[in-house]
Every structure is written in C-alpha cells, then in structure tokens.
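Please look over the structure shown here before reading the report.

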Amino acid sequence: PDEQIIVNKEYDENGNLIFYTDGRFAYNRNHQQMPNGAGMLGNPSSAQSAIIVPKPGDDTRYFIFTVASSGGPDGFRYSEVDMTLDGGLGDVIPATKNTLLFSPSVEKVAAIGHANGLYFWVIAHGLNNNRYYAYLVDCNGVGAPVISDVGQAEGPPGWGCLTASPDGTMLASAMRLPGFELLQFDNATGIISDPILLHVQQGAYGVAFSPNSQVLYALSIEVGEISQWDLQAGTPANMITSRQTIGIGAPVGSPGYQGGTIQQGPDGKLYIPDRGQPNLSVINAPNTLGPACGLQHDAVDLLGQNAILGLPPFIASFFDTT
C-alpha cells in the first residue's frame, strides 16, 4: 500500500551481522553495498519484499528470495550470495541474480524448516489463483516447486502476509480480500491442505502464530482490528467461532491504515508497527488467550523514526519453542 523499507538481516551463530537486504540492494556487514548487490527485483512496497535462507551444507552461501509488489511482472525470484567473494564481505553471484521462479506472484513469502531439521521450505503464492508453491532448499540449491492448488484464490493487488507456525505444521495467509485463511502444511513433503477461511475481512494484512503454535493473530489495516483464534478449539467450526478481538492497530498514523505486519521476535513477543508513529506495539504474552495476551501500544520507541507497515519475515522454525 505504501513504501515500507523492510530490511532482512542474516546473523552468524554468535549474533554477528553477516549481510542484509531490502529486496533491491544487498549490503555487507560494514553497511556497504555489495559490488553486485544492486538491481534485485524485490520491492519496498511489497508486504514481504525479501527473505534470506541459508544454503544447507554450506556456511558461505545464502539465497535471497524476492517478491514483486502488487502482482507486478517481476514475480518471485532468488539471488545467491557467496560470502567468500569481495575479500570475505560477500557478493551476489551474477549468474544467479534474479533467477525467476514464477510470475505473477502476490506479495507473500514464508520460510520454514524441513522435517529432517536440515533443509528449508520457501513458500509463495500465485496471483489470480489459489496456487501455493513450496520450494525445497537443500544442499543442491533451490529445487522444483511442490504445487498445491488449495484454499481461496487471491487477486490483485495481492497485499498481505504469509507465515508458517514455528512447529512447521500450519500456514496462515492474509488476503486483502477475502480475509484470513489457515492451512495445514506437511513439512516433510511440502504439501498444503485443509484450508479454513477463518474470517472475511477487508484489508487483511498481518498474521502471526504464537510461539507455541496454538494461537493465531491477525490484523486488518483498513479496519484496524487485531483478532485472535484458539487453534486448539477442535473442529474448524470451533476454531472459527473462537475468534476474539483483542484491540486495534493503534494509533492512526495517516488516513486509511492502522497497524501493519505482525512479527515474532526472539523474545517470544509479537511486534506490530504503529503506522506513521515512532513506535511499535507489542503483544507481550501471545501464548495466552483473550485480553491477557497483553497488547501494549507505544511499547518500543523508534527514536524519532516513524514506523510504516512492514517488519521483516524470518524462517519461522527459528522461533520454535517445542
């Protein structure tokens, strides 16, 4: 919906910055643009412009997956980064830069660990259809997609986020129309199944699971409402009726939108941009049902910089607490 510079960062096992990207440019740990780091085909207006996934079996290679905005022709692509290049600061490999996977795509990308604990799945969605693409990233690189035609079709502009549960069993999708959808994910095969349309709501944008994968949160930027579902309620009908409104995406920054992406942090809390304001909101106890989950506005001071709509996506299994 508007510019929202989302920066996806990669760190080593000691927490040291390796490199980062906004989907258009790649920067090394010294905050310098990599020599071949310009001209990737993500977009700062995409809900999830880029995500970094390490190459299994090689601690010097990484993939940057990028997503076009509003169903544009650039589609879903990847570029490979080799950290042995440029004297150990890393660079994008020219031969892999902007490798097209499919087009057109919506503004979604999610990543989750494979059932074997070694590989990764990267998941995206087509435009004007109900097609999910799950790409296996293994020691050989990015494989052919596992395709699942399931759930609601999504048309333009393709706004909204896609996320996986930390335990790797579910996906949640926010579609501007018709709303919020829950799906089952087999992290051994990449097959997506059993869709449940949880709530029809215009402006569906942010989605996030609780750390224990038992509660789902979602936010509409046009209505401003933050919803919560009990994923342990039993039947699909019971899950649908378990919905509670726990608050609004506050405060209103500029006309039309409230809140934005919902993203888990390493502390187990969920963070939400206060659009147009120098703050983030936080859900302090996301494993807890109802108001006791602790939605708190103006919780993180951005030191004079205003939030817009985005927070960077991460590989969801990094947050698994089970």
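This is a predicted model: local features need pLDDT of at least 70, side-chain atom pairs count only at pLDDT 80 or more; totals for chains, interfaces and linings use all residues.

## Nonpolar cores

The largest nonpolar core has 33 residues. Within this core, L182, Y217 and L231 have the most contacts. Seven strands are listed here as giving two or more residues to the core: β14 (170–174), β15 (179–185), β16 (192–200), β17 (204–209), β18 (215–220), β19 (225–230) and β22 (270–273).

Five of the five residues of β14 are buried, so the strand is largely enclosed by the rest of the structure. In a regular strand, side chains alternate between the two faces of the sheet. In β14, M170, A172 and A174 point one way, while L171 and S173 point the other way. Residues on both sides are buried.

β14 pairs with β13 (residues 162–164) through three bridges, and the two strands run antiparallel. L162 is opposite S173 of β14 in this arrangement. The two strands form a hairpin with five residues between them, and G168 in the turn has a positive phi of about 80°.

β14 also pairs with β15, over five bridges and again in the antiparallel sense. L171 has L183 in β15 as its bridge partner. Four residues lie between β14 and β15 in the hairpin that they form.

## The four-stranded sheet

An open sheet is formed by four strands in the order β21-β22-β23-β24, with antiparallel pairing. β21 (263–264) and β24 (295–301) are the edge strands, each pairing on one side only.

Strand β23 (residues 279–283) is joined to β24 by four bridges, and the strands run antiparallel. N279 stands opposite D301 in β24.

## Two loop residues

S105 is in the loop between β8 (99–102) and β9 (110–113). Leaving aside neighbours within four places in sequence, S105 is in contact with V67, A68, G71, G75, F76, H125, G126 and L127.

T84 is found in the loop between β6 (76–82) and β7 (91–92). The side chains of T84 and D82 are joined by a polar contact of 2.7 Å. T84 and Y205 are 121 residues apart in sequence, and their C-alpha atoms are 38 Å apart in space.

## Aromatic pairs

The whole structure holds 16 aromatic pairs. In one of them, F65 and F76 have ring centres 5.9 Å apart and planes at 20°, so the pair is stacked. F65 is in strand β5 (residues 61–67) and F76 in strand β6, 11 residues apart. F65 is buried at 0% relative accessibility, and F76 is buried at 0% as well.

For F120 and F318, the ring centres are 6.4 Å apart and the planes are at 85°, so this pair is edge-to-face. F120 belongs to strand β10 (residues 120–125), whereas F318 is in the segment after β24, 198 residues apart. F120 counts as buried, at 11% relative accessibility.

Which residues form one aromatic cluster? The cluster consists of F63, F65, F76, Y78, F102, Y133 and Y135.

How values were computed
Residues are numbered from 1 along each chain as its sequence is written. Side-chain values use heavy atoms; hydrogens and water are left out. A nonpolar core is a set of buried Ala, Val, Leu, Ile, Met, Phe, Trp, Tyr and Cys residues joined through side-chain atoms within 4.5 Å. Buried means under 20% relative accessible area, exposed over 50%, partly exposed in between (1.4 Å probe, protein chains only). Two strands pair if DSSP finds at least two bridges between them. Contact means heavy atoms within 4.5 Å. A polar contact is a pair of N or O atoms within 3.5 Å; within protein, one must be able to donate a hydrogen and the other to accept it, and residues adjacent in sequence count only if both atoms are side-chain atoms. Rings of Phe, Tyr and Trp (its six-membered ring) pair if their centres lie within 6.5 Å; planes under 30 degrees apart count as stacked, over 60 as edge-to-face and the rest as tilted.
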